[in-house]
Amino acid sequence: MFNKKKPNAETIRNLKLVFSKKHQIPEKSILSMAELSCHEPNCPPIETIITERAEDGKVRNWRIAKPINEIQEIDVPKGIVTFLGSKNGKRIPYLTKNRY
């Protein structure tokens, strides 16, 4: 239960750099990453949530259906599938404007 591997700090730094470049995130924005466990049907067991907090107060979130340590640059396309919510136990996907 508490044997969870901690994400590697260098991996997080590299992912933030890749993500910032691909999504043109300004240096003044705060970019954070967190792993969440999901126990619902049709949901990946662990997903990474990436949050941008812009200087003007706007917040954007993205999700990648992998733990941080398994994410590679190819998993961070220009348009990441995010989810609006769920209906009848199934997640409703939403694609960002710039798909690739």
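**Strand pairing, helix packing and an aromatic pair**

User: Which residue of β3 is the bridge partner of R53?
Analyst: V59 in β3 is the bridge partner of R53. Keep in mind that this is a predicted model.

User: What about E52, which residue of β3 stands opposite?
Analyst: R60 does.

User: How many bridges join β2 and β3?
Analyst: Six. Strand β3 covers residues 59–64, and the two strands pair in the antiparallel sense.

User: How many residues sit between the strands in that hairpin?
Analyst: Five residues lie between β2 and β3. One point to check there is G57, which takes a positive phi near 95°.

User: Now β1. How many bridges join β1 to β2?
Analyst: Eight bridges. Strand β1 spans residues 30–37 and runs antiparallel to β2.

User: Which residue of β2 stands opposite E35?
Analyst: T48 is the residue opposite E35.

User: In what order do the strands of the sheet come?
Analyst: The order is β1-β2-β3, in an open sheet of three strands with antiparallel pairing. Strands β1 and β3 are the edges, as each pairs on one side only. From one strand to the next, the twist averages 20°.

User: Where does the helix pack?
Analyst: Helix α1, residues 9–22, packs on the sheet. The helix touches β1, β2 and β3. Its direction makes about 120° with that of β1.

User: Why is β2 called largely enclosed?
Analyst: Six of its eight residues are buried, so the rest of the structure largely encloses strand β2. That strand runs over residues 46–53. Buried here means under 20% relative accessible area.

User: Switching to aromatics. How many aromatic pairs are there?
Analyst: The count comes to one aromatic pair. The partners are F19 and W62, with ring centres 4.9 Å apart.

User: Why is the pair edge-to-face?
Analyst: The ring planes of F19 and W62 stand at 70°, so the pair is edge-to-face. Planes over 60 degrees apart count that way.

User: Is F19 buried or exposed?
Analyst: F19 is buried, at a relative accessible area of 1%. W62 also counts as buried, with 2% relative accessibility.

User: Next, S29. Where does S29 lie?
Analyst: S29 lies in the loop between α1 and β1.

User: Buried or exposed, for S29?
Analyst: S29 is buried, with a relative accessible area of 11%.

User: Which residues does S29 touch?
Analyst: Leaving aside residues up to four places away in sequence, S29 touches E52, R53, A54 and E55.

User: Let's zoom out. How many helices and strands are in the chain?
Analyst: There are one helix and five strands. Along the sequence the pattern reads α-β-β-β-β-β.

User: What share of the residues is buried?
Analyst: Of the chain's 100 residues, 31% count as buried.

User: Last one. What share of contacts comes from residues 24 or more positions apart?
Analyst: Such residues account for 31% of the contacts in the chain with a separation of 6 or more.

Definitions and conventions: Residues are numbered from 1 along each chain as its sequence is written. This is a predicted model: local features need pLDDT of at least 70, side-chain atom pairs count only at pLDDT 80 or more; totals for chains, interfaces and linings use all residues. Side-chain values use heavy atoms; hydrogens and water are left out. Helices (H or I, at least four residues) and strands (E, at least two) are DSSP runs, numbered from the N terminus. Buried means under 20% relative accessible area, exposed over 50%, partly exposed in between (1.4 Å probe, protein chains only). Contact means heavy atoms within 4.5 Å. Two strands pair if DSSP finds at least two bridges between them. Axes are lines fitted to C-alpha atoms, for helices over the stretch in contact, and angles run from 0 to 180 degrees between N-to-C directions. Rings of Phe, Tyr and Trp (its six-membered ring) pair if their centres lie within 6.5 Å; planes under 30 degrees apart count as stacked, over 60 as edge-to-face and the rest as tilted.
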